[in-house]
Amino acid sequence: MQIWLDTADIGEIREASRLGVVSGITTNPSLAAKSGHSDLRTAIQEICSIIDGPVSAEVMGQGPYEMIEEGREIATWAPNVVVKIPVSEAGIEAISVLSKEGIAINQTLTFSVNQALLGALAGATYISPFVGRLDDVGQDGMMLISEMLQMFKVHEMQTKVIAASLRHPKHVIEAAKAGAQIATMPYKLFKQMFKHPLTDAGLKRFIEDWQSLVRV
Ligand code: G3P
């Protein structure tokens, strides 16, 4: 399973990219606003120059024609840019048109297996189910990941699943075990993956033991 970061913060992306384990980035309008990017094109182009892998940039238009025009424009920003489109009738129409033009699409705001099926049939390269937001309303977000993966396997569909809206380290483990091809996560969660109290305690003891020997 690949790790992608769900952020538009250039500092976080630069720091994480140095570790060599982050393969892609997802952004959305909320994340772009939080990072203060008034010029999305410049921000996405900078992110695309830091990360070689796929970088998702979301359309803001509501109707199919706006989404299609915007998607075509976004696709020219960088070779590794992926156009992110929310699922809806307009979104599916836009995905159908853009995917036939060879544009990579990440279908976002996906909360059901039927929405995932529609996106796959329309030609989306990736589908992003929002695990944490389903958990928030008392549903089982990880169940959606498993059911989508099962459907794609049974029907030999090539669409990849991006486990999104992940909130804690166990979500990452569960997504990996279920077989999601990608987990996209906030920088804070990425950092949590490195930590274990026994690693910290063990390292402290190694250093203390070695220093006590050196002192003798
Ligand atoms: O990629 C999906 C993500 O941006 C939504 O996450 O935490 O706002 O539900 P969250």
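## A pair within helix H4

Arginine 72 and glutamate 69 both sit in helix H4, residues 64-74. They are three residues apart, about one turn of the helix. Helices here are DSSP runs (H or I, at least four residues), strands are runs of E (at least two), and both are numbered from the N terminus. The two residues form a salt bridge, with the closest N and O atoms 3.0 Å apart. The term means a side-chain nitrogen of Lys or Arg within 4 Å of a carboxyl oxygen of Asp or Glu. Side chains of opposite charge can pair when their charged atoms come close.

This is a predicted model: local features need pLDDT of at least 70, side-chain atom pairs count only at pLDDT 80 or more, and totals for chains, interfaces and linings use all residues. Residues are numbered from 1 along each chain as its sequence is written, and side-chain values use heavy atoms, with hydrogens and water left out.

## Other salt bridges

Arginine 72 also forms a salt bridge with glutamate 101, at 2.5 Å between the closest N and O atoms. Glutamate 101 lies in the loop between helix H5 (89-100) and E5, so this pair ties helix H4 to a part 29 residues apart in sequence. Arginine 72 is partly exposed, at 32% relative accessible area. Glutamate 101 is partly exposed too, at 40%. Buried means under 20%, exposed over 50%, and partly exposed in between (1.4 Å probe, protein chains only).

The structure holds eight salt bridges. One of them joins aspartate 200 and lysine 195 (3.6 Å, N to O). Aspartate 200 is partly exposed at 40%, while lysine 195 counts as exposed at 56%. Shared partners link Glu69, Arg72 and Glu101 into one network.

## The largest pocket

The largest pocket holds about 530 Å³ of space. A pocket is an open set of points on a 1 Å grid where a 1.4 Å probe fits, with protein on both sides within 12 Å along at least five of seven lines. Its volume is the space filled by probe spheres set on the points, which are joined across faces, edges and corners.

The lining has 26 residues, and Asp6, Asn28, Ser30, Leu31 and Arg133 lie nearest the centre. Lining residues have an atom within 4 Å of a point. Helix H2 (29-34) gives the most, with four residues. Strand E5 (105-110) and helix H10 (187-192) each supply at least two.
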